[in-house]
Amino acid sequence: MQRIKKQIIASIIIVVLIVLGITVAYDYNLSADSDDKEVISVGCLPSTHDAALYVAIETGMFEDEGLEVELHEYNNGGDLVSAMASGEIDVGYLGTTPVLSGIQQGVPIKIVGVAQTEGSGLVTNDPSITNITDLEGKTIATPGESSIQYMLLSYELEKNNMSIDDVNITSMKVSSMSDALRTGSIDAMLSYEPYVSIAQDVDNMTLIENSGQIIENHPCCVVVESDSFIQNHKEEAQKVIEIHQEATDVLKENASNCVDYLPDNIISDREVVAQSLDKMNWVGALDEESKDNIRNFMQIEVDMGILNSTISDDNLFYEP
């Protein structure tokens, strides 16, 4: 696992350098426009995992609270953590793994909510591959070395007496993975929804296992806020937390109907994406159960050597 640890540290070291270069007097991004609405810079990965964010935007929840959202999309959580470290982003929707690694390396962010649990899957287009051990010597795509999907793959290989060294890992934009499977340039992918469902139901590919089979009820995407946003804009920071819960409640009530709120770039098949929304485990609030779930996941990463040590609650969570 030392190789995994070194790769993640290497990928995030630039973040630490950026953090150290931020001055106390930097512009916190949040500003008022001509309509007296506060502009909040929000980063996310384009997927159904961030459905609560899209619901909140499209139903006017932010506007109702006098807030305006400037949305930025990223290919993976590592890039989003870097953007938060440099002060470009106030609020982020991203995976637990890059958040934990970022906090341990000094990125000033706190977890304020949970989007959902599980929601990823290992998929292949090769009929000779039926389980994880068949991937020895094969090429597998993940969103990146700092992603939760890379961590899940590493964990599942270890469970089966294998390691990252037994396979070939490549980082790839998730929307390109199915095409790469189809052409044979990769043998499998560990990706997130809705791309897992699309690969299965549209492209007739095979799900080897979903992420809940790798680690049951594992935390996936969380909501984070930068320390500067929390400290300097407490009212707005609290409103964002409340809006996330309100939007999550809409998803819990009827997730498939929320397909209308998602951006076009993640809807290649409306029916399949709607069904994928219904499969998701929506969470919302950062309650004690959610915090325990994150702590347990963090301990797994420590045991794997991905993290040096556990992180205290004071450095992990923010609750008003």
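Visitor: Is H5 mostly covered or mostly open, and how many of its residues are buried?
Guide: Mostly covered: eight of the nine residues in H5 are buried. Keep in mind that this is a predicted model.

Visitor: Okay, which ones are buried?
Guide: In H5, the buried residues are Thr96, Thr97, Pro98, Val99, Leu100, Ser101, Gly102 and Ile103.

Visitor: And how does H5 sit against H13?
Guide: H5 covers residues 96–104 and H13 covers residues 288–304. Their axes come within 11 Å and cross at roughly 70°. Angles of 65 to 115 degrees count as roughly perpendicular, so H5 is roughly perpendicular to H13.

Visitor: Which residues meet there?
Guide: From H5 you've got Thr96, Thr97 and Leu100. They meet Ile294, Phe297, Met298 and Glu301 of H13. Sorted by class, that contact has four nonpolar residues, two polar ones and one charged one.

Visitor: What follows H5?
Guide: Gly106 follows H5, and its phi is positive, near 100°.

Visitor: New topic! How many cavities of 30 Å³ or more turn up in the whole structure?
Guide: Two of them, from a search of the whole structure. The largest cavity has a volume of about 90 Å³.

Visitor: Which residues are closest to the centre of that largest one?
Guide: Leu45, Gly95, Ile148, Gln149 and Tyr192, out of the 14 residues lining the largest cavity.

Notes
Residues are numbered from 1 along each chain as its sequence is written. This is a predicted model: local features need pLDDT of at least 70, side-chain atom pairs count only at pLDDT 80 or more; totals for chains, interfaces and linings use all residues. Side-chain values use heavy atoms; hydrogens and water are left out. Axes are lines fitted to C-alpha atoms, for helices over the stretch in contact, and angles run from 0 to 180 degrees between N-to-C directions. Helices (H or I, at least four residues) and strands (E, at least two) are DSSP runs, numbered from the N terminus. Angles under 35 degrees count as roughly parallel, over 145 as roughly antiparallel, 65 to 115 as roughly perpendicular and the rest as oblique. Contact means heavy atoms within 4.5 Å. Ala, Val, Leu, Ile, Met, Phe, Trp, Tyr, Cys and Pro count as nonpolar, Asp, Glu, Lys and Arg as charged, and the others, Gly among them, as polar. Buried means under 20% relative accessible area, exposed over 50%, partly exposed in between (1.4 Å probe, protein chains only). On a 1 Å grid over the protein atoms alone, a cavity is a set of points where a 1.4 Å probe fits but cannot get out, and a pocket is an open set with protein on both sides within 12 Å along at least five of seven lines; lining residues have an atom within 4 Å of a point. Grid points are joined across faces, edges and corners, and a volume is the space filled by probe spheres set on the points.
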